[in-house]
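Subject: Structure handover and findings

Dear colleague,

Here is the structure for your files. My notes on what was found in it follow below.

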Amino acid sequence: MLLKFLKWNIFFTEDKKLKCLTDDKFLIQFLRVRKYDVDKAMELLHNYFDLITSYPHLFETPNKEKMDKLACSNFANLHPFRDHDGCLVLTIKMENWDPDEINVQNLFCLAMALFFSLEIYPANHICGIRVIFDAKNYSLKHLRSLVPRYIPLIAKALRNCLPVRFKSIHVVNEASIFRYAWSILKIALSEKIKSRIFLHGDNMEDVHKFIPKEVLTCEYGGDCTSYNGGVIKEVDKIYDRFSMMIKTFFS
């Protein structure tokens, strides 16, 4: 019944610009992350649409080959074990992204495809995710690629624009150059999101207060061996559907 209401809102909304997939699988993720509140789910869907269509030079023509190359670099990992709250754990390693080899278009396309792939498992939307953002070797090259041009995009993505519940984001191994980028980004974030972002430096015991070491790899002081979560496999599962969503948004 709630899905019918959401579809009704889409078909009869005054905003005729909204073009999106209307199958149950796509729409229910917005309901799940907004605890089945139709109005809030509709607002999130609009924000998601606006986020992507506001940056056509980034998202209109995904490059699968480049996205696969970045996915294979161990840039992002979806861990096989969930925390005590059922949250999925995602790690992002900035040192594995070379902006000279893979430009920001492919970086953001991979990120969007990765978040889109979360629709496969309902628990990802219901329980949410925790992110470990590893800023080791974050360089001037990374800074120039993202700051200041894409700070608004990153801020919007974290602020009620993705069908994702960010339970917490943990920045580790950050140096002064990253702290400079953070000082700019946090200005654009809501107090709610800022309260969920923590900078730990190299203190992994502090990270374990939020994410148990039993689900983390040894490089983060955990009990598991190093793990490459096969992000490319997850993206491959949904890439055709992701491309269809993008084409619908820009149609």
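Angles under 35 degrees count as roughly parallel, over 145 as roughly antiparallel, 65 to 115 as roughly perpendicular, and the rest as oblique. This is a predicted model, in which local features need pLDDT of at least 70 and side-chain atom pairs count only at pLDDT 80 or more, while totals for chains, interfaces and linings use all residues. Residues are numbered from 1 along each chain as its sequence is written, and side-chain values use heavy atoms, with hydrogens and water left out.

Helix packing

Helices (H or I, at least four residues) and strands (E, at least two) are DSSP runs, numbered from the N terminus. Axes are lines fitted to C-alpha atoms, for helices over the stretch in contact, and angles run from 0 to 180 degrees between N-to-C directions.

Helix α3 (residues 38-53) packs against helix α13 (residues 231-249) at an angle of about 85 degrees, the axes being 10 Å apart. The two, α3 and α13, are therefore roughly perpendicular to each other. On the α3 side the contact (heavy atoms within 4.5 Å) involves Y48, F49, I52 and T53, which meet M245, I246 and F249 of α13. By class, the contact of α3 with α13 has 6 nonpolar residues, 1 polar and no charged. Here Ala, Val, Leu, Ile, Met, Phe, Trp, Tyr, Cys and Pro count as nonpolar, Asp, Glu, Lys and Arg as charged, and the others, Gly among them, as polar.

For α5 and α6, the axes come within 9 Å and cross at roughly 75 degrees, which makes α5 roughly perpendicular to α6. K66, M67, L70 and A71 of α5 make this contact with N106, L107, C109, L110 and A113 of α6. The contact of α5 with α6 divides into 7 nonpolar residues, 1 polar and 1 charged.

Also in α5 (residues 64-71) is D68. Leaving aside neighbours within four places in sequence, D68 is in contact with I232 and D236.

Cores and buried residues

Buried means under 20% relative accessible area, exposed over 50%, and partly exposed in between (1.4 Å probe, protein chains only). A nonpolar core is a set of buried Ala, Val, Leu, Ile, Met, Phe, Trp, Tyr and Cys residues joined through side-chain atoms within 4.5 Å.

The largest nonpolar core has 81 residues, of which F26, Y48 and M245 touch the most other members. Helix α6 (residues 104-116) gives the most to this core, with 10 residues. A second, separate core of 9 residues includes I132, M204, V207 and V215.

F26 belongs to the buried residues of α2, along with L27, Q29, F30, L31, R32 and V33. Helix α2 (residues 24-33) has 7 of its 10 residues buried, so it is largely enclosed by the rest of the structure. Beyond four places in sequence, the contacts of F26 include Y48, M245 and F249. After α2 comes K35, with a positive phi near 55 degrees.

R130 is in strand β3 (residues 129-134) and, at 9% relative accessibility, counts as buried. The R130 side chain makes a polar contact with the side chain of D83 at 2.5 Å, and another of 3.0 Å joins the side chains of R130 and D85. A polar contact is a pair of N or O atoms within 3.5 Å; within protein, one must be able to donate a hydrogen and the other to accept it, and residues adjacent in sequence count only if both atoms are side-chain atoms.

C218 lies in the loop between α12 (204-207) and α13, and at 48% relative accessibility counts as partly exposed.

Regards
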